[in-house]
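The following account leads the reader through one protein model, from the chain as a whole to individual residues. Please keep the sequence and the coordinates in view while reading.

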Amino acid sequence: QVQLVESGGGLVQAGGSLRLSCVASESINDMAWYRQARGKQREMVAIISGSGRVNYGDSVKGRFTASRDDAKNTVYLQMSSLKPEDTAVYYCNAPYGMKLHDWGQGTQVTVSS
């Protein structure tokens, strides 16, 4: 079973940037970034295919950039122009519709206004 470890979260002011990382214990194919705000359902914000093609959710399009480094079994999420509504715990996993891995602990992103 693939193990996923997310990191890079923190406290940032609105308009700031953060770069999240997700390291997998083995090679991975299609991956997605998710986030879950307190009291809300988990939301998929970006999908990155094994070839590097990326699709974004409308709420983050133009502000977030997903990428991958297969040599490191790592996917990244560069987040810019952050807003308070981006505050959430961020996770990576396979995209919905594919076999999900065990969820990691996630990384908390808090954006202050």
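**From the chain to its residues**

In the protein chain, 54% of the contacts with a separation of 6 or more join residues 24 or more positions apart, where contact means heavy atoms within 4.5 Å. This is a predicted model, in which local features need pLDDT of at least 70 and side-chain atom pairs count only at pLDDT 80 or more, while totals for chains, interfaces and linings use all residues. Residues are numbered from 1 along each chain as its sequence is written, and side-chain values use heavy atoms, with hydrogens and water left out.

The secondary structure consists of zero helices and ten strands; the order from the N terminus is accordingly β-β-β-β-β-β-β-β-β-β. Helices (H or I, at least four residues) and strands (E, at least two) are DSSP runs, numbered from the N terminus. The C-alpha trace spans about 40 × 25 × 25 Å along its principal axes. The radius of gyration of the protein chain is 13 Å, which agrees with the value near 13 Å for a compact globule of 113 residues; this radius is taken over C-alpha atoms, and the globule rule is 2.2 Å times the number of residues to the power 0.38.

Of the 113 residues, 42% count as buried. Buried means under 20% relative accessible area, exposed over 50%, and partly exposed in between (1.4 Å probe, protein chains only). The protein chain exposes about 6,000 Å², of which carbon and sulfur atoms supply 46%; accessible areas come from the Shrake-Rupley method with a 1.4 Å probe, and for residues only the protein chains shown count as cover.

Which residues touch the most other members of the largest nonpolar core? They are M31, W33, V75, L77, M79 and Y90, in a core of 26 residues. Strands 3 (18-24), 4 (31-36), 5 (43-48), 7 (64-69), 8 (74-79), 9 (88-93) and 10 (107-112) each give two or more residues to this core. The largest share, four residues, comes from strand 3. A nonpolar core is here a set of buried Ala, Val, Leu, Ile, Met, Phe, Trp, Tyr and Cys residues joined through side-chain atoms within 4.5 Å. Leaving aside neighbours within four places in sequence, the contacts of V75 include L20, C22, I28, M31, W33, I48 and C92.

R19 has its place in strand 3 and counts as partly exposed because its relative accessibility is 48%. Residues up to four places away in sequence not counted, R19 touches S7, G8, Y76, L77 and Q78. From R19 to A66 the C-alpha distance is 9.6 Å, although 47 residues separate the two in sequence.

V5 lies in strand 1 (residues 4-7) and is partly exposed, with a relative accessible area of 46%. Not counting residues up to four places away in sequence, V5 touches S21, C22, V23 and Q105. The C-alpha atoms of V5 and R53, 48 residues apart along the chain, are separated by 22 Å.

Two loop residues remain to be described. Most residues other than glycine have a negative phi. N73, in the loop between strand 7 and strand 8, has a positive phi of about 50 degrees although it is not a glycine. S81, in the loop between strand 8 and strand 9, likewise has a positive phi of about 50 degrees without being a glycine. S81 counts as partly exposed because its relative accessibility is 42%.
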